Every structure is written in structure tokens, then in C-alpha cells.
Protein chains: 2
Amino acid sequence: MRYSSRREAILEVLKNTKEHPDAETVYDKVREKIPNVSLGTVYRNLRELGESGELNTLEIEDGSTHFDADMSRHAHFVCKECGKIGDLFGYDDISDALEHAGYKVECVKTVVYGLCPECARKQKDCDPSLS
Amino acid sequence: MRYSSRREAILEVLKNTKEHPDAETVYDKVREKIPNVSLGTVYRNLRELGESGELNTLEIEDGSTHFDADMSRHAHFVCKECGKIGDLFGYDDISDALEHAGYKVECVKTVVYGLCPECARKQKDCDPSLS
DNA sequence: ATTTTAAACAGTAATAATTATTATTACTAT
DNA sequence: ATAGTAATAATAATTATTACTGTTTAAAAT
């Protein structure tokens with residue numbers, strides 16, 4: 001894969017955020033630096049960077065796909081109230097057990113849905129009967 | 001939600017398979033019993049059944065969405081060789097730890113990508129140097 | 001340094017999956 | 001049986017993503 005200024009800018013955007021943007025948001029951010037970049041270029045590079053293992057894709061149940069350049073092993077939390085997508089570190093995954101069972105594990109994607117601590121607290125304040 | 005023969009048939013299809021079909025495949029199976037069912041009806045009912053907690057949706061990184069009427073807690077394995085989507089039982093999830101940290105967990109979706117034991121074995125047979 | 005080659009590009013068209021719309025049909029409570 | 005409303009078939013619209021085409025650009029060969 002030869003050098004490309006667009007690909008570099010795209011990866012740069014992802015490395016400078018913890019917000020797990022979707023393709024359209026990456027596109028908006030890249031345009032701040034390269035105003036005439038095309039959306040197709042963003043999609044193509046996001047796909048290629050995913051295939052070459054330089055970023056992870058995150059498929060959410062609302063149909064959206066988000067991107068994460070943090071390749072360390074971690075899970076994600078999607079808050080159904082505020083929509084935020086957060087990182088969850090420190091939860092061991094099941095790769096070892098599966099490899100022992102004969103699987104060849106390439107990657108593990110865990111997405112947890114619910115309320116983040118902030119939104120959970122707010123709901124409790126409104127209705128203290130909630131657990 | 002009032003009774004509907006289409007919704008019943010759709011749920012029936014999902015309860016009688018372990019193959020995690022996508023919407024189009026569910027549509028084809030439902031048409032064997034109700035030939036004039038419309039694709040939109042299948043999509044709407046799949047969405048509503050998901051929202052009401054009668055089935056789980058499974059978003060795969062190739063962009064496809066698959067459906068599973070088995071609501072017991074389990075993860076999924078997607079084989080990148082044969083494409084099969086299998087169930088993985090017996091792997092504890094991280095709900096308890098997250099609830100302790102203040103999250104309100106609604107559901108945990110784990111998808112593992114790699115090679116299933118069958119395809120992993122075949123690859124090893126072809127090239128014994130593989131781990 | 002120039003030429004060559006192929007990958008990457010912008011811009012646009014096309015595709016695929018899903019959702020919305022609308023007129024009609026079918027449950028269910030009365 | 002009827003009224004009221006949810007569900008439906010058929011189709012149109014939308015959205016996210018990919019493919020195409022002529023042009024540009026990075027990197028290799030001369």
C-alpha cells in the first residue's frame with residue numbers, strides 16, 4: 001500500500017479522538033484539512049485500513065458503523081440514552097478458551113448496550129424506585 | 001401487540017433453526033408457508049420482535065444483520081472461511097462487573113471472528129507449518 | 001531529472017439494505 | 001355485526017456503501 005495523504009489524514013482523525021466516529025463524521029473532520037476530499041475516498045480508505053488491521057470497525061445495532069484506531073484489546077459500551085460509545089478495558093476475552101477448543105480466533109468484538117453511569121444516575125434521581 | 005399470523009410465522013422460522021438467518025432468508029422461509037407475505041412485513045416484524053425482546057439481532061462486520069430467537073445468554077462465532085455463524089455458550093459475560101461500576105446493562109453482544117474448528121483443521125492439513 | 005506505471009483520487013452513478021407511505025385487510029372489543 | 005385500529009401488500013423513498021471513469025499523484029525505472 002503506497003503512501004497517500006488522504007489515508008494519512010483519515011487515520012490521523014481517528015487517532016486523535018476517542019469518540020468512535022462513523023464514516024460521515026470522519027469525512028467532516030478530514031474536510032477541515034483537505035476540503036475537497038471525496039466521501040468515496042473516505043469509505044475506501046476506512047475499508048482498506050480495516051482490512052489491513054490498522055483500525056477496527058464497530059457495528060452497532062442501529063445499523064451504524066463506527067471506527068476505532070485503538071487496536072488494543074477492549075470492548076465497547078453504547079449508551080441508549082446519550083448515544084455515547086465508550087471503551088471498556090480490563091475485561092478478559094474468550095480467545096484462549098476458544099483456541100483450546102480448536103478455533104482460530106482473529107478478533108473478538110463485544111458491544112454492551114445499556115445506560116452509562118451518568119445516564120443511569122440521572123434516571124435514578126428522577127425515579128428512586130429504580131434499582 | 002395484537003396477534004398476527006405473519007409475526008407468528010416469522011418467529012416460528014427463527015425458533016426452528018440454529019442458522020441465524022438474515023432478513024432475506026427469513027423472508028424466503030416464511031414464503032414457503034405464506035407465499036404472498038411482503039418483504040417489508042418481514043423487516044417490520046423482525047424489528048418489532050427485536051424491540052420487544054423476543055429475538056436478538058446480530059450485526060456482522062460484512063454489513064449483514066442476522067436474527068436469533070434463542071434469547072439465552074451466549075456469544076456468536078463467525079467463520080471467515082465457511083461463513084457459518086455458530087453459538088458459543090458457557091462464556092461468562094461482563095455484566096456483573098459493569099453493573100458494579102454504575103452501568104445499567106441491557107444486553108451484551110459478543111461476536112468472535114476467525115476460523116471454526118473444521119476450517120482451522122483443513123487449513124492446517126494443507127500447510128502443517130501453521131500453528 | 002524525465003518518463004513510466006500503477007495506485008489513489010474526485011466526482012458521480014449505481015447498488016443493497018432498510019424504512020416509510022398508502023390504500024386495503026383483518027383482528028378484537030363492544 | 002360494527003367500529004376502531006393494528007397489520008398488511010405493494011411500492012416508493014431513503015440511507016449507507018460501493019463501483020465506475022477520467023484524472024492526478026506517488027514511487028519506481030530509465
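User: What share of the 131 residues in chain A is buried?

Analyst: A residue is called buried if 20 or more other C-beta atoms lie within 10 Å of its own. In this predicted model, buried residues make up 28% of the 131 residues in chain A.

User: Which pattern does chain A follow along the sequence?

Analyst: Chain A has 5 helices and 5 strands, and, read along the sequence, they follow the pattern α-α-α-β-β-β-β-α-β-α. As for how the chain contacts itself, 50% of the contacts between residues at least 6 apart in sequence join residues at least 24 apart.

User: How many residues does each chain bring to the contact between chain A and chain B?

Analyst: Here two residues are in contact if their C-beta atoms lie within 7 Å. Chain A gives 29 residues and chain B gives 29 residues. On the side of chain A that touches chain B, the elements giving two or more residues are strands E1 (56-59), E3 (75-79) and E5 (104-115), together with helices H4 (95-100) and H5 (117-126). The largest share of that side, 12 residues, comes from E5(A), and by class the side has 19 nonpolar, 4 polar and 6 charged residues.

User: How many bridges join E5(A) to strand E5 of chain B, and do the two run parallel or antiparallel?

Analyst: Two strands count as paired if at least two bridges are found between them. Here 11 bridges join E5(A) to strand E5 (residues 104-115) of chain B, and the two run antiparallel.

User: Which residues are closest to DNA strand D?

Analyst: A residue is near the strand if its C-beta atom lies within 6 Å of it. There are 21 residues surrounding DNA strand D, and the closest are Tyr3(A) and Gly40(A) from chain A with Ser4(B), Arg6(B) and Thr41(B) from chain B.

User: Which element gives the largest share of the surface near DNA strand D, and what classes of residue does that surface have?

Analyst: At least two residues each come from helix H3 (39-51) of chain A and from helices H1 (5-15) and H3 (39-51) of chain B. The largest share, 4 residues, comes from H3(A). By class, this surface has 6 nonpolar, 10 polar and 5 charged residues.

Terms used
Residues numbered from 1 in each chain as written. Chains lettered and ligands numbered in written order. Predicted model: local features only at pLDDT ≥ 70, side-chain atom pairs only at ≥ 80, totals over all residues. Nonpolar A, V, L, I, M, F, W, Y, C, P; charged D, E, K, R; others polar. Buried ≥ 20, exposed ≤ 12 C-beta atoms within 10 Å, placed from the backbone.
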